[in-house]
Amino acid sequence: MTLSHVIELIERVGRHIGLGARRREALLRMIRQTAPTDWTSADRDPVCFRPQQDLAQDLGITDRAMRAHEHALAQLGLAFIDTTANGRRSGRMLPGGRRLGVNFRPMIERIGWLMDLDEAHQAAIRRIVALRLECSAAKRDARQMVEQLLEMDPRHRKLPAYLQRMASWPRRYSSFRCSEELDAHLDEINELVDDVRADLQCHDDSSGRAESQIPAILNTTPKILELCSGSSAIKGTARKRPDDDFLKSAPNGAECREKSIGGLSPAGNPDDLSWLTPEKIRSIAGQNFRFCLDAICPVGERMTDRHLRSVAIMLLPDLGINASAWEEALQVFGSMRAALAVLIIDANRNHPTHPIHSPGGALRAFTRLQLAGKFNLSGSLIGLVERSRAEP
């Protein structure tokens, strides 16, 4: 590692190895006093031989405080102090390549450990960012569904409790200090979403409305997997609009509710996703999307919109899509369709003729097209299906 790499690494992991702000500043000051070539040389150790009192003056601290910093760094296994009996330091090369001062050979020997620590810390940060996005999306679902229940049944006996639970949630995430706390908060939000969904479904079942009159909970209701056996509904399952339940398992593949365009979606209806099955999602997804999906929803388990949304959020950093682009897409598309938009982008990064080089820009473009009513989500997914069929 070069000197600049080492400095960046210490800046990131210093707090996690017991370095306070002042001690980290002292360490970085000494590291910057070493020769850059010494960090990559096989026969020279990086040594800070600047006098202790000069370093203390630069840092605005006492000589005694500087000595305490140096001894603490030695105890942490990041350096060893090699001076003469009177504490003298020198950059002059002695026999055997020895130079007097604060030697950072121990840090080089522990660089692998420091890198592993940095990776674990970065993974924890990514996890926290993903959980924040998950919580925001789940809160949006909860708010939308509670508003729908309020519209359908303003006197519903559970509404006050639902509104009270939502009001108790913190408006910001700064109070959550770790991923475990955010995980618990997400479970709390999803629990309310499930409770409200059950009340909405009971209301629909008891109302006896015609299918076309049932208000759709677009992109928020988990898509229950049903066997596609040719009948419009399974015994004991209420009829739903296709948009509320389009993830149908398809044991017979192409025989399952497919028609018109290439044996798939009805022509002229870009919003129809009734043909899309979990099997097709896995077949058209890119390698990264499919890998994450298999990890959180193994083949054979019930696939829901939460799974797809979680996968999309997991891929945002790797795709270079920032949180604001995702939040905007979420507001315009909804959870399910925003996740499918990310699937399309990921799958088309390796398009044979028109690869997507800027996933973040592509998602913003998709969002603008959707706002203008010009984005054909179903057609884009059908294109992936046709391409997967053509591939050997």
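Biologist: Why are helix H11 and helix H13 called oblique to each other?

Modeller: The axes of H11 (residues 305–319) and H13 come within 9 Å and cross at roughly 45°. Angles under 35 degrees count as roughly parallel, over 145 as roughly antiparallel, 65 to 115 as roughly perpendicular and the rest as oblique; H11 and H13 are therefore oblique. This is a predicted model, in which local features need pLDDT of at least 70 and side-chain atom pairs count only at pLDDT 80 or more, while totals for chains, interfaces and linings use all residues. Residues are numbered from 1 along each chain as its sequence is written, and side-chain values use heavy atoms, with hydrogens and water left out.

Biologist: Which residues of H11 meet H13?

Modeller: Among them are Leu-308, Arg-309 and Ala-312 in H11, and Met-336, Ala-339 and Asp-346 belong to the H13 side; contact means heavy atoms within 4.5 Å. By class, nine residues of this contact are nonpolar, one is polar and three are charged.

Biologist: What makes H13 and H14 oblique?

Modeller: The axes of H13 (residues 335–347) and H14 (residues 359–371) cross at roughly 135° and come within 10 Å. By the ranges already stated, H13 and H14 are therefore oblique to each other. Ala-341, Ile-344 and Ile-345 in H13 meet Pro-359, Ala-362, Leu-363 and Phe-366 in H14. The contact of H13 with H14 has seven nonpolar residues, with no polar and no charged ones.

Biologist: How many residues of the protein chain count as buried?

Modeller: Of its 392 residues, 44% count as buried, that is, under 20% relative accessible area with a 1.4 Å probe, protein chains only.

Terms used:
Axes fitted to C-alpha atoms, helices over the stretch in contact; angles between N-to-C directions. Helix = DSSP H or I, 4+ residues; strand = E, 2+ residues; numbered from the N terminus. Nonpolar A, V, L, I, M, F, W, Y, C, P; charged D, E, K, R; others polar. Buried < 20%, exposed > 50% of the residue type's maximum accessible area, 1.4 Å probe, protein only.
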